[in-house]
Amino acid sequence: MTPAHLSGGNSPTSFPKDKIRVVLLEGVHPRGAAMFKGEGFSVETSAKSPDDASLRKMLANAHVVGIRSKTQLTAELLEAAPRLLTVGCFCIGTDQVDLSAARTKGIPVFNAPFSNTRSVAELTLCEIIALYRQLHAKSLQMHKGEWDKSAAGAHGVRGRTLGIVGYGHIGSQVSVLAEALGMRVIYFDVQSKLPLGNARSVRTLGELLKDADIVTLHVPNDASTHNMIGAKQLKMMKPGAFLINNARGSVVNVDALAAALKDGQIGGAAVDVFPVEPAGKGETFTSPLCGLANVILTPHIGGSTEEAQETIAVDVVEKLLKFVNVGSTAGAVNVPQVELPDQGSSEDDEDSRGKKGSRRHRILHFHKNVPGVLSKMHAIIAGMGANISGEYLRTQDDVGYVVLDVDPTDGEKVLAGLRAVPETIKVRMLW
Ligand SMILES: NC(=O)c1ccc[n+]([C@@H]2O[C@H](COP(=O)([O-])OP(=O)(O)OC[C@H]3O[C@@H](n4cnc5c(N)ncnc54)[C@H](O)[C@@H]3O)[C@@H](O)[C@H]2O)c1
């Protein structure tokens with residue numbers, strides 16, 4: 001059955017669907033555009049992140065904008081987007097959007113926090129085996145025409161101890177996959193986490209570093225993880241142990257890692273993320289890790305598989321459609337989260353033009369979260385004698401979000417009344 005928030009059909013809606021303009025930038029997976037088009041929305045796509053002037057032009061009429069990590073949506077640009085209802089970040093990070101400016105304008109921002117978890121976990125598994133088998137060096141030799149069939153330095157992973165730092169979405173997936181290879185898994189996390197399979201938590205990072213044959217990092221980028229692996233921690237690791245960083249570039253001190261690799265304290269490393277990364281294709285990459293033996297370097301591709309890009313598109317578009325069509329903000333990163341059912345209709349409901357069987361009218365109201373605003377709204381509604389069949393409320397910081405389901409005959413007047421409340425940021429009605 002089609003979910004309620006995707007059930008456009010041919011029935012008239014509060015706002016003609018083909019007038020809803022969606023702008024998808026930076027080569028968002030085509031599945032995203034297809035889903036919006038399937039809803040009847042007008043879609044404009046671009047493979048690139050446009051320059052400031054073109055972006056302004058696109059934003060001037062857009063109701064929905066989808067970006068990846070390059071496009072910066074500043075407060076100034078949001079100001080230049082008077083019709084903008086919502087923003088989708090087709091990636092994990094959302095710091096390219098001025099989230100608080102978007103919140104105070106009643107613009108929810110959605111992302112896809114977990115859609116590439118499996119891709120990062122799979123790359124990590126691949127690197128564990130590649131490091132133990134010296135795969136990178138063997139392949140380089142073959143490309144140079146050298147045939148060296150020696151087993152020296154190549155090892156199996158079965159029975160080795162894998163130390164996972166950060167047992168969140170990715171770390172715990174790596175744990176399950178590594179155990180399937182016969183590895184012994186230990187992990188360290190600042191939060192108490194349920195161990196999966198036979199994995200065992202350790203109490204300190206130091207304990208993990210001492211005990212593991214190979215360490216993989218899956219922590220966020222924050223003050224507690226900044227340079228969490230430096231010269232001191234590398235020295236605590238077993239001589240010749242391996243290190244994998246597919247988390248964030250700030251987590252490892254790369255100069256210290258390069259030194260530890262050169263003196264043999266660390267036997268090999270796989271690194272996907274760097275303290276400074278090139279802005280795009282064509283820009284030169286430099287790192288003290290370049291040219292070192294048994295070091296696998298990849299250009300921040302941990303989460304970049306075609307499958308992950310498609311999953312991200314589906315995840316974000318579903319959230320955007322649920323907001324545009326139903327008003328639900330579940331999963332938004334900057335506004336109060338409200339999960340809403342479809343407002344439905346009954347045989348007896350009749351709209352302001354006397355049409356029977358109309359959908360109940362749903363009023364979505366973002367307002368400044370100041371004392372007294374709700375009672376003001378309720379007083380207006382009570383004064384009208386309007387019939388409210390559902391009310392939902394959440395607040396976050398300086399913004400509140402109220403959703404009211406009202407009889408179709410009352411919709412227009414309640415909308416007009418709430419629009420006049422001075423604390424109103426944004427209000428729209430759905431039916
Ligand atoms: N290479 C890539 O392309 C790529 C793709 C996706 C995610 N990532 C990165 O992978 C990392 C993990 O992502 P996730 O989705 O698993 O995140 P998550 O939030 O699900 O898990 C992170 C875990 O780290 C723990 N943690 C936080 N601070 C810690 C500390 N100081 N010491 C130990 N544990 C700590 C948290 O409690 C949590 O369990 C993030 O940095 C993310 O940005 C990289």
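Which residue in E8 is the bridge partner of tyrosine 187? Serine 201 is the one. Before we get to the sheet around this pair, a word on the model.

## About the model

This is a predicted model, where local features need pLDDT of at least 70 and side-chain atom pairs count only at pLDDT 80 or more, while totals for chains, interfaces and linings use all residues. Numbering starts from 1 along each chain as its sequence is written, and side-chain values use heavy atoms, with hydrogens and water left out.

Helices (H or I, at least four residues) and strands (E, at least two) are DSSP runs, numbered from the N terminus. Two strands pair if DSSP finds at least two bridges between them.

## The seven-stranded sheet

Seven strands line up as E8-E7-E6-E9-E10-E11-E12 in an open sheet with parallel pairing. E8 (200–201) and E12 (295–297) stand at the edges with a single partner strand each, so one side of each has no neighbour in the sheet. At the E8 end, two bridges pair that strand with E7 (residues 184–188), again in the parallel sense.

Helix H7 (residues 169–180) packs on this sheet, touching E6 (161–165), E7 and E9 (214–217), where contact means heavy atoms within 4.5 Å. The direction of H7 makes about 170° with that of E6. Another helix, H10 (residues 254–262), lies across E10 (241–245), E11 (266–271) and E12, and runs at about 140° to E11. For these angles, axes are lines fitted to C-alpha atoms, for helices over the stretch in contact, and the values run from 0 to 180 degrees between N-to-C directions.

## Around strand E4

Now for strand E4 (residues 86–89), which is covered on both faces. Thr86 and Gly88 on one side, and Val87 and Cys89 on the other, are all buried. Here buried means under 20% relative accessible area, exposed means over 50%, and partly exposed is in between (1.4 Å probe, protein chains only).

What does E4 pair with? Four bridges join E4 to E3 (residues 64–67), and the two run parallel; valine 64 has threonine 86 as its bridge partner in E4.

## Salt bridges

Side chains of opposite charge can pair when their charged atoms come close. The structure holds 17 salt bridges, each a side-chain nitrogen of Lys or Arg within 4 Å of a carboxyl oxygen of Asp or Glu. One of them joins lysine 105 and glutamate 79, with the closest N and O atoms 3.4 Å apart. This pair links distant parts of the chain, 26 residues apart: lysine 105 is in the loop between H4 and E5, and glutamate 79 is in helix H3 (residues 75–79). Lysine 105 is partly exposed at 25% relative accessibility, whereas glutamate 79 is exposed at 56%.

Aspartate 397 and arginine 103 meet in a salt bridge too (3.9 Å, N to O). Here the partners are 294 residues apart, with aspartate 397 in the loop between E14 (388–396) and E15 (399–406) and arginine 103 in H4. Aspartate 397 is exposed, at 56%, but arginine 103 counts as buried, at 11%.
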